[in-house]
Amino acid sequence: MTSNVIKFIHENKIVEINNPDPNETLLNYVRTKLKKTGTKEGCAEGGCGACTVVLGELKNNKINYSAINSCIIFLPTLQGKQLILVEDLISKNGSLHPVQDAMVNYHGSQCGFCTPGFVMSLFAMFKKHSKFKDDAIKDSIAGNLCRCTGYKPIIKAAKSLNSKDKIDHFTQNKQNTITLLKKIKDESIVIYKKDKRYFAPRYVQELKKILKKNINAHLLSGGTDLSLVVTKERKDINSVIYMNSINELNYIKNNNNYIEVGATTPLIEFESYIEKYYPDFTAILKRFGSVQIRNVATVAGNIATASPIGDTLPLLLSLDAKVVLRTIKKTKIIPLNNFFIDYRKTKLKKGEFIGSIRIPLFPKNIFKAYKISKRFDDDISSVCASFNLEVINKKIKNIRIAYGGMASIPKRAKYCEKILLHSSITEQIINKAKEALEKDFKPISDMRASRKYRMEVAKNLLHKCFLEITQKKLIRVNN
Amino acid sequence: MIKETFIQETRPHESGVKHVSGYAHYTDDISEPEETLYGAIGWAKKSHAIIKKIDLKKVIKSEGVIAVVTSKDIPGRNDVGPVYDGDPIFPTKKVEYFGQPLFAVAAKSTELARKAVLKAKISYKTLKPIIEIKDALKKKSFVLKGQTIQKGDPVTKIRKAAHSLKGEFTTGSQEHFALEGQVAFSIPQEDNDFKVYSSTQHPSETQQIIAKMLNQKSNTITVVVRRIGGGFGGKETQSFIFAAICTLLAKKTQLPVKLRMDRDDDIIITGKRHDFYSRYEVGYDELGVIEGLKIKLASRCGISPDLSGAINSRALLHIDNAYYLPNVSVENYLCKTNTSSSTAFRGFGGNQGMMVIENIIDNIARSLKRDPSEIRRRNFYQKERKNITHYGMKIEDNIIHEIFDKLVKTSNYKSRKRNIKKFNLNNKYLKKGIAITPVKFGISFTTWHLNQAGALVHIYCNDGSVHVNTGAIEMGQGTYTKIAQLAANELGLPFNKIKVSATRTDKVPNTSASAASSTTDLNGAAALNAIHKIKQNLASYVKRKYKVMNGEPIYKNGLVKFKGKSFRFNSLIKEAYLNRVSLSSSGFYATPKIHFDKRAFLGRPFLYFCYGAAASEVLIDTLTGENKILRVDIIHDAGRAINPAIELGQIEGGFVQGAGWLTMEEVNWRSNGQLTTHSPSTYKIPAVNDMPEEFNVEIYKYGKNKENVVNKSKTTGEPPLMNAMSVFFAIKNAIASVRNYNIIPDLDAPATPEKILMSINQLRKKEL
């Protein structure tokens with residue numbers, strides 16, 4: 001069944017939009033069509049959180065609430081979901097939601113412009129977690145910028161929620177919402193609007209058919225990068241295939257040799273799964289972007305975008321990940337190491353899509369990853385480094401090192417690896433390996449860091465990695 | 001006259017409930033008439049160039065475009081400069097910075113307008129730009145002539161001093177990044193009048209600038225501001241161009257126009273904090289007491305004077321911070337560069353001046369291998385002697401010793417310092433540092449005439465509810481809440497009977513900007529003055545009618561008690577109305593005592609000083625330069641705080657903003673003048689994990705303003721930002737540990753990971 005009518009739940013009702021503009025952002029719709037102005041635009045690129053709204057989605061007969069940046073979400077992707085805005089948190093009798101009440105009583109707002117975004121991020125936390133510990137609180141609001149408060153009163157407000165009754169009017173109305181969500185769920189969307197096309201298939205078979213006919217279509221997943229073409233470059237994206245309605249591709253499997261992550265699995269799910277195997281991977285993902293970004297962004301999206309500063313990429317490269325590419329007829333498996341061709345260019349051809357990513361398990365190896373940026377949260381790396389190696393009797397048995405931010409593509413440090421492979425860990429060898437990085441990389445200067453700093457830090461991170469290995473402890477300011 | 005009836009009442013922000021539920025309306029949230037158009041600005045892609053041709057044919061034909069305006073559409077003054085000209089709305093001949101507005105469009109939607117402006121074809125003849133301060137100094141490129149000030153004989157004193165030091169120091173620029181960007185909404189009225197909603201800290205000047213641009217009288221323009229989503233100085237003058245262009249589009253189309261800036265355009269077009277470069281030479285004795293000091297102080301002002309004169313003047317007035325400087329000279333240079341015009345930013349040059357002296361004191365302590373806190377204390381202004389500033393003002397309210405000494409104790413500074421030294425001995429790669437710094441900040445506009453405010457108060461006869469208007473702009477600092485608290489206290493009424501409503505130029509005229517930390521001091525006093533006048537009307541009525549004895553009536557708990565006769569407030573108001581007594585009044589306030597001779601650089605520019613101190617502990621990674629603030633303790637003076645919760649919010653928020661300025665916030669221009677940091681992805685303001693892990697903030701318990709300021713309070717607008725200086729010097733302290741504190745590190749602000757690592761590298765290479 002396909003339709004050009006978008007259906008979603010808002011204020012306990014099914015809302016229908018007939019053939020919407022596929023390039024319209026959710027924020028724009030909320031502010032100019034729904035005329036709900038509580039949700040604010042702060043940056044239109046998912047970097048400040050002022051536009052945060054919460055989406056409810058049905059999963060295993062439960063409602064999963066996720067905070068997202070409405071400024072970089074296209075309206076049609078709302079299909080089948082529940083939309084919750086800051087105004088909706090107030091009960092029918094006019095009383096504030098516990099989250100709102102806490103923000104008032106703990107003086108969490110000053111100018112108030114960022115406040116609706118904070119309220120929504122905290123609301124998502126309130127629905128998702130049972131206890132609100134410091135880590136969960138900070139993670140929940142790390143993608144919300146406030147220029148007035150310095151955050152302390154907001155954290156206090158969030159902590160105070162621990163003593164509050166968890167039942168709110170969304171809980172009370174849960175059955176009704178589930179019934180409504182079930183009613184609107186099973187539809188593939190096809191929109192033709194002037195010269196714009198939008199497809200949201202629900203099955204891989206459907207996707208393949210659409211791809212065949214629309215070979216130039218952009219594949220849209222979380223859209224945290226692609227949407228900026230519309231909001232910042234002010235261009236139209238004429239043909240879009242939205243991947244994230246395909247449930248078949250939303251999975252994490254493990255066959256003890258490798259973990260396979262489906263293309264539409266959001267980072268937020270991946271990060272908690274991978275922690276057991278590679279804790280540093282999770283630590284980097286927490287800083288990859290805000291919860292709002294990680295709720296929609298995917299590993300596959302990060303790979304396809306192929307940015308030299310995509311934070312998952314050096315990590316995946318050092319773990320020797322493979323990309324499962326699918327076409328209408330075939331499936332091929334390419335090592336990620338061969339996938340990137342040039343600045344933002346990959347081997348992904350027209351008519352192909354990434355089905356999944358395979359991440360090998362190295363139970364005997366040491367895996368370390370480091371991210372250097374001006375700000376801890378939600379910043380772009382000046383350098384990101386990842387090390388995966390096996391050490392037996394102080395000798396390096398196998399090693400893969402990859403860096404981001406050091407070249408036009410994320411890249412393995414081949415010369416450096418060569419020096420270290422089969423060597424003993426000595427100061428001399430490490431110094432030689434550091435020197436070799438100069439053969440591997442010719443970084444550039446930009447607003448994030450100078451060429452000189454990038455090279456020096458790249459070397460020092462290698463040094464740090466071996467210090468941590470030999471001293472058997474972490475040497476990090478954020479620990 | 002201000003009476004001593006004090007309040008100290010913690011209550012939430014007057015708009016708190018609306019903030020959290022999305023019903024607080026900002027300019028972009030005001031409901032629009034159906035025919036409203038939306039604007040966008042086309043700007044220059046060169047930093048210095050002759051404009052050869054602006055071809056807008058494709059812009060005009062672009063989908064949804066209704067009108068285009070250029071300099072030719074301006075009937076009056078084509079400039080938004082507040083004090084001097086130099087900030088053209090649309091330059092006619094020459095582009096002077098990358099991002100300078102050249103034309104604007106009105107279209108059927110914001111998206112269509114923004115798409116249209118990209119279609120302009122502009123040809124230029126490129127000229128060589130000046131971007132850096134040092135380049136401007138070399139080429140003698142200035143926006144205004146800088147002042148040279150001198151007290152005593154620094155040259156001789158430095159020569160004769162037991163010790164001396166020389167050095168250079170830079171502090172960086174800073175983007176305001178108010179979460180609500182620049183926005184205006186202009187609606188044509190009859191008679192060619194305009195009603196302008198603007199996100200501005202300065203409605204009166206917005207009104208004047210629009211009137212001059214349109215060649216109309218000021219009484220034809222009404223500017224309305226209910227609240228703004230953060231200002232920090234970035235909407236003191238930088239909002240004018242948007243309100244002006246928006247109204248120009250409204251005039252041309254005769255339709256309502258909204259102009260909301262995209263974040264990147266906003267940052268590219270508007271001015272930021274001045275970065276300052278200084279060179280100094282200081283002479284001091286064995287104990288580290290400064291005997292003579294010579295400073296050359298230059299700032300990047302951008303293309304025009306804007307407020308640079310006052311900002312540099314405040315830097316000169318704060319070159320002492322809390323320290324007595326017996327012999328000092330400062331040469332000041334206001335560099336003209338091809339960058340957006342640098343502007344007001346919380347601290348307004350004061351913090352930049354203070355960083356200069358703090359860095360010098362820190363270096364003196366390091367050269368003598370003494371604890372910097374000891375040297376700081378030793379140089380403090382004294383109470384009875386050594387209490388005259390370099391601009392001749394006697395400091396009468398000095399409490400820096402009390403605050404500083406208390407903080408040394410409560411923060412356990414000394415024992416923590418010992419533990420840090422131990423930690424550093426045991427850790428080769430991670431190093432800790434600690435520093436404690438004082439703040440003394442002068443309050444009043446240094447431009448004398450700005451120290452005035454007006455108010456309008458009505459009491460309604462049927463229910464005794466009170467309506468207050470002032471010139472204050474609510475920008476998050478809680479001024480509406482505090483003014484309402486003052487009014488409620490003055491009338492003995494509950495808070496909910498007072499309404500402070502939108503600030504409008506047709507209600508209170510000739511207002512000063514909400515700036516210089518003075519908003520509540522000035523406007524609160526004006527509101528009280530209006531209330532006093534109404535109270536006088538009531539008193540003379542009661543005395544006449546009931547023949548009660550003279551003496552001040554008491555307004556409390558909804559009652560008004562005269563000697564021998566008591567009324568319920570509402571009944572008295574109703575009765576007064578029926579007896580034809582005026583229940584409405586304007587109010588006025590002008591700051592007393594202040595005077596300043598700018599030429600001689602002598603006088604009393606400030607009514608009072610705010611004090612504070614902060615102790616910060618940091619951890620740095622000597623392999624990467626990464627850093628983390630571990631613990632911060634602050635004691636800050638708020639006088640008798642009107643609303644301690646609001647003051648605490650200002651102190652904490654100001655500190656974090658200051659820490660951003662001195663650590664991670666880095667404004668970056670290419671050598672061609674193109675700004676590369678213009679979005680949250682490229683310009684980083686502190687996020688939640690940048691807040692100190694342990695953050696102890698205390699309002700100084702014994703605070704009381706010596707001067708007659710409302711409630712004997714002291715402002716907490718700008719001063720708390722400077723508590724963040726402690727973070728910078730804690731980082732410097734951590735760096736110094738790399739060479740066992742034997743060599744002075746070179747470190748400029750902001751102390752980004754890169755700057756920290758480079759400082760460590762340099763230090764490692766230095767000879768002992």
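Helices (H or I, at least four residues) and strands (E, at least two) are DSSP runs, numbered from the N terminus. By that rule chain B holds 19 helices and 30 strands. This is a predicted model, in which local features need pLDDT of at least 70, side-chain atom pairs count only at pLDDT 80 or more, and totals for chains, interfaces and linings use all residues. Residues are numbered from 1 along each chain as its sequence is written, and chains are lettered from A in the order in which they are written.

**Chain B as a whole**

The radius of gyration, taken over C-alpha atoms, is compared with a globule rule of 2.2 Å times the number of residues to the power 0.38. Chain B has 27 Å, which agrees with the value near 27 Å for a compact globule of 768 residues. Along the principal axes, its C-alpha atoms fill a box of roughly 85 × 75 × 50 Å. Of the 768 residues, 63% are buried (20 or more other C-beta atoms within 10 Å of the residue's own, with C-beta atoms placed from the backbone).

**Domains of chain B**

Domain bounds come from an automatic or database domain assignment.

| Domain of chain B | Residues |
|---|---|
| Domain 1 | 16-22 + 452-590 |
| Domain 2 | 32-128 + 182-228 + 235-269 |
| Domain 3 | 276-446 + 597-765 |

The centres of domain 1 and domain 3 of chain B, over C-alpha atoms, are separated by 39 Å. Their contact (C-beta atoms, placed from the backbone, within 7 Å) takes 16 residues from domain 1 and 16 residues from domain 3 of chain B. On the domain 1 side, helix 14 (479-491) and helix 15 (519-546) of chain B each supply at least two residues. Helix 15 of chain B gives the most to that side, with five residues.

**Chain A against chain B**

Between the chains, 65 residues of chain A are in contact with 67 residues of chain B. Helix 17 of chain A gives the most to the chain A side, with seven residues. Other elements giving two or more residues there include helix 2 (98-105) and helix 3 (115-128) of chain A.

**A sheet in chain A**

Helix 17 of chain A also lies across strand 18, strand 19 and strand 20 of chain A, at about 30° to strand 19 (axes are lines fitted to C-alpha atoms, for helices over the stretch in contact, and angles run from 0 to 180 degrees between N-to-C directions). These strands belong to an open antiparallel sheet of four, ordered 18-19-20-21; strands pair if DSSP finds at least two bridges between them. Nine bridges join strand 19 (residues 383-392) to strand 20 (residues 395-404) of chain A. A:Phe387 stands opposite A:Ile401 in strand 20 of chain A.

Note on methods. Two residues are in contact if their C-beta atoms, placed from the backbone, lie within 7 Å. A residue is buried if 20 or more other C-beta atoms lie within 10 Å of its own, exposed if 12 or fewer, and partly exposed in between; C-beta atoms are placed from the backbone.
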